[in-house]
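Please open the model in your viewer and keep the selection panel at hand. The stops below are given in the order in which they may be selected.

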Amino acid sequence: MAEVTATGLQDLWRAALPVLAERVGQATYDAFLRNTTPVGYDENVFILGVANQFAKSWLEERHLPAIGTCLTELLEEPVRVQMQVVESAGPSAAAPPLPVPITVSAPAVPDDFSTTPLNPKYTFEDFVVADCNRFAHAAAQQVAKSPGKSYNPLFIHSKVGLGKTHLLQAIGHTGVNQHPEARVVYLSAEDFANQLISAIRDNRMAAFRRKYRYVDVWLVDDIQFIAAIEGPVSEEEFFHTFNTLCQTDKQVVIASDAPPRHLQIMNDRLRSRLEMGIVADLRCPDVETRVAILEKKAAAEGVEVAREILEYVAQKIESNIRVLEGALLKICAYVSLTSEELTMPMIEEIVADYSTASTQERVTVEQIVEHVAAARNCSVEDMRGPKRNQEIVWPRQIAVYLARELTDNSLASIGKFFGGRDHSTILHAYHKVSELLTNDEKVLWEINDMRARLQPD
Ligand code: ADP
Ligand code: MG
């Protein structure tokens with residue numbers, strides 16, 4: 001009888017697999033043979049490890065002779081085959097360690113649980129950093145630089161179109177470039193859940209788990225959809241994967257349309273685990289940042305667009321960067337396709353199609369100051385002027401606070417409006433009021449009331 005060592009056993013099975021793929025057909029191979037493991041060879045009996053009972057019966061009933069013949073040919077001696085279930089594949093089973101040595105990982109780790117490729121445009125270089133995203137950006141960079149070592153998990157949330165996917169993928173790009181051997185996986189929670197469902201259906205849980213539990217950087221987008229598909233089952237599987245990766249210092253980054261405490265999930269352990277990492281939000285960029293983003297995108301498209309045009313677009317579209325970009329691309333297309341000079345009415349027409357349906361008229365800084373002045377019995381001129389007596393300073397601080405909260409003017413432009421004060425003075429006023437709001441109920445009521453009058457629903 002041939003002597004077969006452990007590595008010899010792996011090699012033997014590796015040699016058999018492509019032959020068997022041809023003989024049993026690709027579908028059977030993918031479903032049942034791809035993720036099998038050779039367990040032993042003794043007394044002319046070859047023991048094959050299969051993922052579950054279903055695979056075992058299927059192979060035994062239909063393919064035992066084919067496998068036996070194939071091994072007989074390779075070993076040049078008669079071989080009998082027995083099957084053995086080596087991994088339990090029930091959805092709630094704990095993740096077993098990978099029984100397959102890495103030498104056979106090529107056939108053993110199926111790559112048909114596809115992940116989404118990264119968009120080459122979503123890099124850190126292409127991301128404009130400003131107050132609205134500074135913290136999330138810094139955390140993302142830190143995580144990309146030393147995955148698994150700093151913030152784990154990193155949880156990024158914002159409304160739609162404000163750069164979550166961009167940041168997630170920027171982390172992915174850095175990971176791939178700096179650690180070429182690392183397995184970086186980006187996918188949406190919805191894809192994860194869908195793949196899970198097919199894995200359960202096709203009895204391929206072992207392969208599914210193997211794939212996701214041997215990842216170095218896991219980027220999960222739009223986690224809010226995790227519970228939408230198969231509810232508790234996908235939550236539970238997500239939770240297991242998440243825990244396994246965090247416990248082995250693999251990096252997990254999650255994007256969501258809401259902070260963890262507002263997520264529609266049932267699993268409270270999962271929620272509290274999500275809150276244990278770093279939670280960073282992305283807010284709407286102010287108008288200057290929007291112009292900077294447009295400039296960067298226009299440069300990336302290789303199209304020159306006049307600054308007034310960019311400013312006009314940035315003023316009209318305020319709450320969603322994706323929409324902003326859509327309008328710009330249309331303008332770029334126009335510029336590069338026609339030789340016509342772009343006129344303002346043309347720009348207006350293009351932008352009108354995209355306008356963020358900000359049907360609600362935004363309140364202006366002027367209106368805020370007028371309102372606060374009337375409520376506090378002082379004059380608009382004094383509020384915008386240099387006086388520093390308490391009767392003026394406090395209303396001015398309230399107006400500054402409301403201007404920052406209710407308009408998207410930058411600190412600099414609010415400062416300019418209030419008699420050329422610099423942005424640190426404005427920020428100081430803003431913080432002063434926010435602090436009082438949390439400590440003084442009277443201030444809270446007064447300002448809530450002003451806010452409601454200035455911005456009725
Ligand atoms: P979300 O995932 O939050 O819905 P995306 O990441 O898809 O948003 O961003 C929408 C678009 O806005 C993308 O094209 C992205 O490149 C762009 N974008 C968002 N934030 C920035 C930024 N700070 N700098 C440059 N582009 C940005
Ligand atoms: Mg997104």
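Begin by selecting helix α9, residues 205–213: nine of its nine residues are buried, so this helix is largely enclosed by the rest of the structure. Buried here means under 20% relative accessible area, exposed over 50%, and partly exposed in between, with a 1.4 Å probe and protein chains only. Helices (H or I, at least four residues) and strands (E, at least two) are DSSP runs numbered from the N terminus. The buried set of α9 includes the residues Arg209, Arg210, Lys211 and Arg213 as well as Met205 and Phe208.

This is a predicted model, in which local features need pLDDT of at least 70 and side-chain atom pairs count only at pLDDT 80 or more, while totals for chains, interfaces and linings use all residues. Residues are numbered from 1 along each chain as its sequence is written, chains are lettered from A and ligands numbered from 1 in the order in which they are written, and side-chain values use heavy atoms, with hydrogens and water left out.

Display Phe192, Gln195, Leu196, Ala199 and Ile200 of α8 with Met205, Phe208 and Tyr212 of α9, which make the contact; contact means heavy atoms within 4.5 Å.

Threonine 244 lies in helix α10, residues 231–247, and counts as partly exposed at 22% relative accessibility.

Now select the open sheet, whose three strands run in the order β1-β2-β3 with mixed pairing; two strands pair if DSSP finds at least two bridges between them. The edge strands are β1 (37–42) and β3 (80–85), each pairing on one side only. Strand β2, residues 45–50, pairs with β3 in the parallel sense over six bridges. To inspect one bridge, select leucine 48 and its partner in β3, methionine 83. Helix α3 (residues 53–62) packs on this sheet, touching β2 and β3, and its direction makes about 165 degrees with that of β3. Helix α4 (residues 64–75) also packs there, touching β1, β2 and β3, at about 120 degrees to the direction of β3.

Key
Axes fitted to C-alpha atoms, helices over the stretch in contact; angles between N-to-C directions.
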